[in-house]
Amino acid sequence: MNTAEWILVAILSITLMIFLIVGIVLLVRLISISKEVEKVIVEGQDIAKNANGIVSNVKGMTSIGGTVEMFVDKYINSKLKDKPKEDKEKKDEGK
């Protein structure tokens, strides 16, 4: 082989070695990142479970709130609405 061929083979082998080392390092980093992603997913699932618990608690509170609102609308507001009608009827009778 000529000297030029040896130089080309040396350059190509060094380049291949650099790419192999960089590839191995990147593969190790990707594996560690995938483990971190798995941890984040588990934490996200825990947060979602806690959020579901909070939603169910709020839902329970709002069902009571809905019951109170229905009570207010049915009994108290109807009495308040009837009172202006009675006042108007009294004024009409007084004329």
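**Chat about a helix and its surface**

Trainee: Starting with K39, buried or exposed?
Mentor: K39 counts as exposed, at 52% relative accessibility. Here exposed means over 50% relative accessible area, buried under 20%, and partly exposed in between, with a 1.4 Å probe and protein chains only. Keep in mind that this is a predicted model, where local features need pLDDT of at least 70, side-chain atom pairs count only at pLDDT 80 or more, and totals for chains, interfaces and linings use all residues. Residues are numbered from 1 along each chain as its sequence is written, and side-chain values use heavy atoms, leaving out hydrogens and water.

Trainee: Which side chain does K39 meet in a salt bridge?
Mentor: That of E36, at 3.7 Å from N to O. A salt bridge needs a side-chain nitrogen of Lys or Arg within 4 Å of a carboxyl oxygen of Asp or Glu. E36 is partly exposed, at 46%.

Trainee: And where do E36 and K39 lie?
Mentor: Both are in helix α1, residues 3-94, and sit 3 residues apart, about one turn of the helix. Helices are DSSP runs (H or I, at least four residues) and strands likewise (E, at least two), numbered from the N terminus.

Trainee: New topic: what's the secondary structure of the protein?
Mentor: 1 helix and 0 strands.

Trainee: How much of the protein counts as buried?
Mentor: 0% of its 95 residues. The protein exposes about 9000 Å², with carbon and sulfur atoms supplying 69% of that.

Definitions and conventions: Areas by Shrake-Rupley, 256 points an atom, 1.4 Å probe, with all protein chains shown as cover.
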